[in-house]
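Hi everyone, thanks for making the time.

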Amino acid sequence: MKTGTKIGLVLIALSIVLSIWVIVGGSSDADYQEGDFILSDDGTVAIQYVGSGGSVTVPDGVVTLSDGLFKNNPSITSIYMPDSVSVLGAEVCSGCSQLQSVDLSSNISSIPANAFRECSGLVSVSLPGVGSIGSNAFYGCSTLGSVTIPASCTSISSSAFANCDNLSEISVSSGNANYSSSDGCLYNASKTRLIFVPGGKSSVSIASTCTTIGSGAFADAYYVSDLTVPESVTTIEDDAFSGSGIRTITIPESVTSIGGQSGWSPSTIYGYADSAAETFAKNNSIPFVVLGPGPGPEPTPTPTPTPDPDPEPTPYVPTPGDVVNQDGTLTRADGTVVDPTTGRVIRGGTGATGSSHTKDATPGTADGDLDPRYFLCIAVFLGGAGCIVYARHRKTKYIKNKK
């Protein structure tokens, strides 16, 4: 056997021995019991729970609860964690069907994935200081009625509270920079995006500030059968209603974008003609009821009619006693000044004769020509990415060279 191959086999054997040593060494660290818990030799990690259930108190000084520490234990009814605890392992309490309440340490910053999954008896849980809630963290907690999201929370998985059939209220503490709540539903901080509707709600009033109904927002809303979308909403994202129980929905003409909704077939969509709602209904063979005409094109303004010109005046027939003035006009016996050619009255009479026959400069309001200011008004009005192998490689190369 060549030297390179021998060295390779020795290294492999050594790695196996080291692995066994590490495993044995790790097990010896857990050989320390305090109360109902097997702890690491320094007492900071709760490795195993050996108690009989009921009310459980985690020993003070424990920092980490290992993955699946209480998993599928049917006897635990409540858990208290001292403030020394700061890390929860994945699935730490998953499947604890009789667990009713949990007092989390205020130093826990993250609820990991599946931490309390299918804890069907969980009625209440406090989340002080929590910064993130992982996927399916409370999935299937069918007795959980309400949850308060602390101001410190910056991330919530869309499936964190999935299948919580009795959850009817999610409230967000004031001061949270990422989330808010309205009518028990979860929104972004500015309430412009609806994120999640709890599965226990039977009716929903969407915030008047909401412009977007997010993907999966109504996925657990089995009991909401009727929904009216407010006129503030412009976008309904893909699968916003998928999995919901909504049968009838009214969609305003303000909604201009509706994504695909797999597995959702409402009985009726109410909306406006030529709207996104009507297009969605037709494309998915859903009955559509028209509430009114769509926005349509802008109406063409009706032009302001041009006044008819004055009728042609009747020529004036001179009468005895008319006086011819120097400007060619005639003054009647009653003092009325007229144009002898058209018969148009230039100035009304006063009953006296011999008065000045100069044309009055005051704008006419009756029988005179239209005031030029009127035409001005009309004009204004019409104006946007190893050793054995190496040894074998060298052997192969040697054989080739030898040939």
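Predicted model: local features only at pLDDT ≥ 70, side-chain atom pairs only at ≥ 80, totals over all residues.

Let's start at Asp183, which has 36% relative accessibility and so counts as partly exposed. For that label, buried means under 20% relative accessible area, exposed means over 50%, and partly exposed is in between, with a 1.4 Å probe and protein chains only.

Residues are numbered from 1 along each chain as its sequence is written, and side-chain values use heavy atoms, with hydrogens and water left out.

How many salt bridges are there? The count comes to four, where a salt bridge is a side-chain nitrogen of Lys or Arg within 4 Å of a carboxyl oxygen of Asp or Glu. Asp183 is in one of them: its partner is Lys201, and the closest N and O atoms are 3.8 Å apart. Lys201 sits in the loop between β17 (193-196) and β18 (212-213), and Asp183 in the loop between β15 (179-182) and β16 (185-188), so the pair ties together parts that are 18 residues apart in sequence. The helices (H or I, at least four residues) and strands (E, at least two) are DSSP runs, numbered from the N terminus. Is Lys201 buried or exposed? Lys201 is buried, at 9% relative accessible area.

Next comes Arg193 with Glu237, where the closest N and O atoms are 2.7 Å apart. This pair links distant parts of the chain, with Arg193 in strand β17 and Glu237 in the loop between β20 (235-236) and β21 (248-250), 44 residues apart. Arg193 is partly exposed at 30%, and Glu237 is partly exposed at 24%.

Then there is Lys282 with Glu278, at 3.5 Å between the closest N and O atoms. These two are four residues apart in helix α2 (residues 276-283), so about one helical turn separates them. Lys282 is exposed at 60%, whereas Glu278 is buried at 13%.

**A loop residue**

Glu237 turns up again among the contacts of Gln261, along with Ile236, Asp238, Asp239, Ala240, Phe241, Ser242 and Phe280, not counting residues up to four places away in sequence. Contact here means heavy atoms within 4.5 Å. Gln261 is in the loop between β22 (257-258) and β23 (268-272), and at 8% relative accessibility Gln261 is buried.

**A strand with two faces**

In a regular strand, side chains alternate between the two faces of the sheet. Strand β12 (residues 146-149) runs parallel to β14, joined by four bridges; strands pair if DSSP finds at least two bridges between them. Opposite Ile170 stands Val147.
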